[in-house]
Amino acid sequence: MASQSAVDNLFSSNAQWAQAVTQADPDFFINSAKGQSPQTLWIGCADSRAPESVITASKPGDIFVHRNIANQFHSDDTSVLAVLDYAVNFLGVKHVAIVGHGECGGAAACLGAAQRDDFNPDAPITLPMLPKEAPLNRWLGSLSRVAHKLVKSHEASISRVVEENVKLQVENLCKAETIVNAWTKGTPKGQEVYVHGWVYDLASGRLQDLKITRGKTA
């Protein structure tokens, strides 16, 4: 079966990768098992074309990661709040980056919703083929409102939605208790913490810094 073949390929590729890494650095996995000390927390999109370690040529242990649909940072999302708390207060992460990407399916869906004549920004439904309370509709509601504002101001495009989404999520992130405490009270490990907004361009493979870095001294 094709699906089973895909799984078999994953295991085969993993075995080849592990062997190659061991040959290049015999102690890599032994040292990796002892602990981690990443400097960066990457909050990105779950899109299969934007794997953070691959596009930054990073090794296991370099980047702490949280990925979801359309790189959202919701103040009521326990999962991302727990990741942020652990990264900053336990691992000593210094850089937290919200990372969007070009041709984002979530951004495209929200833009399409915002362009419908019957779109209601007070009760946004991004995917009308799904129930109002479907997970994707609840998850993408705030991003659809962002897209709606761009449509009204005649600035709508997927790239603009992606950039404005990153800016909004950076603002949301900066209001999180973990970040506010890091900037006002310090962190258990004493590191300065910076929040960044980046976009990954699928067509070129390059990261773009939106120049909206925030921090106690930034």
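How close do the axes of helix H5 and helix H7 come, and at what angle do they cross? In this predicted model, local features need pLDDT of at least 70 and side-chain atom pairs count only at pLDDT 80 or more, while totals for chains, interfaces and linings use all residues. Residues are numbered from 1 along each chain as its sequence is written, and side-chain values use heavy atoms, with hydrogens and water left out.

The axes of H5 (residues 105–114) and H7 (residues 158–174) come within 9 Å and cross at roughly 110 degrees. Here an axis is a line fitted to C-alpha atoms, for helices over the stretch in contact, and angles run from 0 to 180 degrees between N-to-C directions. H5 and H7 are therefore roughly perpendicular to each other, a label for angles of 65 to 115 degrees. Their crossing is right-handed, meaning that the near helix is turned clockwise from the far one by less than a right angle.

Which residues bring the two helices together? On the H5 side, Ala107, Ala108 and Leu111 meet Ile158, Val161 and Val162 of H7, where contact means heavy atoms within 4.5 Å. The residues of this contact divide into six nonpolar, no polar and no charged. In this scheme Ala, Val, Leu, Ile, Met, Phe, Trp, Tyr, Cys and Pro count as nonpolar, Asp, Glu, Lys and Arg as charged, and the others, Gly among them, as polar.

The structure holds two cavities of 30 Å³ or more; a cavity is a set of points on a 1 Å grid over the protein atoms alone where a 1.4 Å probe fits but cannot get out, and its lining residues have an atom within 4 Å of a point. Grid points are joined across faces, edges and corners, and a volume is the space filled by probe spheres set on the points.

Methods:
Helix = DSSP H or I, 4+ residues; strand = E, 2+ residues; numbered from the N terminus. Parallel < 35°, antiparallel > 145°, perpendicular 65-115°, else oblique. 1 Å grid on protein atoms, 1.4 Å probe; cavity = no way out; pocket = protein on both sides within 12 Å on 5 of 7 lines; lining within 4 Å.
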